[in-house]
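Please open the structure in your viewer and keep the selection tool at hand.

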Amino acid sequence: AAASGGGLWRRPAAGLGRAVRAACGSGRAAAPRAEELAERLRRSEGEKEKREIPKDPAQRRVRELAMLSKQLQQVHPNVLAKVLKQGTVYQNEEIVVINKPYGLPVHGGPGVKNCIADVLPILAKMLENMKAEPLHLCHRLDKETTGVMVLARSKEVAERIRLLFKTRQVEKTYWAISLGDPDPTEGIVEIPIVEKEVQSHQLHYKMTLAPNYRLSPEDGKVVKIRKNRNAESAVTRYRLLASSSACSLLELQPITGVKHQIRVHLAYGLGCPILGDHKYSHWSKLAPQKLPEITLKRLKLQQSKARHLPLHLHAHRLSLPLGERIDLVCKPPLFFQKTLEKLELDIANN
């Protein structure tokens, strides 16, 4: 949808009128249903999008990723289950581990036709040595986040793993490409997080920091302030792996599991928003992320096209204590790897 820029609804009324007349003839045929007209317009827009292929390879990749996310919502559930099967990185008698694709929601909701939860019964039947019982979700990742995702073969195992997550016995390691360098280059962000309503040209909600301390304007001393009763404790360990082109590759370990924790701690706690995180690059408005000139140059991207950049956040490793500790690792998706190359963020030694 991002790639098309909402072009479907910018078609002139005359074009729609022609489509209606062509479908209805001179009144002899029955009027087509609205769904049929909408489908014709969608097909027309799809053909238009295919014709308008950007010449720049970076812009082509951005467009292809947006199209892939769109296609995942349109494919048959069997096809989606096959995509997830191909992304299987580990399985035993208790769990199945997949490399979650970009742009695919874990749960259903408004406007969501396809999600991981809905195709788990189909995926279960496709896997080798698998009973026809559906798989079970153990945790979740955001729609835009890629990487390690654990599924359980039974309700009992799922409950055990959920308890491990809840009691913080699962070691989670993420990789993120951020704008700017964190100072210091290694440390722990320990600031509570709360969801707040943001008043701007469009009403929306964001997670934000709710610190228990502030600096006194009089003498600069740290002063304890009243705790927000709705705030949740949030702790993130971070480490700089590489730095170049006004960007950084960070290794992150969320100790807690608050909604959008890594994104908020990086953007508002360290002042280093994740590349492609348009939601948390500004506080008071909804607007595309503003990128430094050197970053745009290395990515061969115009600022006007930056709004299509995907979120560069990847669940790289997960260590699960199931009897013996199981280390599960997923390589970053191709778009993430290409960005690392273009920004000259070398991870050969990491």
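The stops below begin with the chain as a whole and then turn to individual residues.

**The whole chain.** Begin by colouring the protein chain by pLDDT, bearing in mind that this is a predicted model. The mean pLDDT of the chain is 84, and 79% of its residues reach 70 or more. Next, select residues 1–31, where pLDDT stays under 50. For this stretch the model has 28 contacts beyond four places in sequence.

**Arg-168.** Select the loop between helix H6 (155–166) and strand S5, where Arg-168 is found. Most residues other than glycine have a negative phi. Arg-168, which is not a glycine, has a positive phi of about 60 degrees. Is Arg-168 buried or exposed? With a relative accessible area of 52%, Arg-168 is exposed.

**Lys-172.** Move on to strand S5, in which Lys-172 has its place. Lys-172 is buried, yet this residue has no salt bridge. Which side chain of opposite charge is nearest to Lys-172? That side chain belongs to Glu-171, which is 11 Å away. Now display the surroundings of Lys-172: leaving aside neighbours within four places in sequence, its contacts include Phe-165, Leu-252, Gln-253 and Pro-254. Thr-256, Gly-257 and Arg-317 are also among the residues in contact with Lys-172.

**Pro-184.** Select the loop between strand S5 (171–179) and strand S6 (186–190), where Pro-184 is found. Most peptide bonds are trans. The bond that joins Asp-183 and Pro-184, however, is a cis peptide bond, with omega about 5 degrees.

**Helix H9.** Select helix H9 (334–343) and turn the view so that you look down its axis. Which residues of H9 are buried? They are Phe-335, Phe-336, Thr-339, Leu-340, Lys-342 and Leu-343. Seen down the axis, these buried residues fall within an arc of 165 degrees, so they line one face of H9. On the other side of the helix, Leu-334 and Glu-341 are exposed.

**Glu-344.** Finally, select Glu-344, which follows H9 and lies in the segment after that helix. Glu-344 has a positive phi of about 60 degrees, although this residue is not a glycine. At 51% relative accessibility, Glu-344 counts as exposed.

Definitions and conventions. Residues are numbered from 1 along each chain as its sequence is written. This is a predicted model: local features need pLDDT of at least 70, side-chain atom pairs count only at pLDDT 80 or more; totals for chains, interfaces and linings use all residues. Side-chain values use heavy atoms; hydrogens and water are left out. pLDDT is the predictor's confidence in each residue, from 0 to 100. Contact means heavy atoms within 4.5 Å. Helices (H or I, at least four residues) and strands (E, at least two) are DSSP runs, numbered from the N terminus. Buried means under 20% relative accessible area, exposed over 50%, partly exposed in between (1.4 Å probe, protein chains only). The arc is that of the directions from the helix axis to the C-beta atoms. Lys and Arg count as positive and Asp and Glu as negative; His and the chain ends are not counted. A salt bridge is a side-chain nitrogen of Lys or Arg within 4 Å of a carboxyl oxygen of Asp or Glu.
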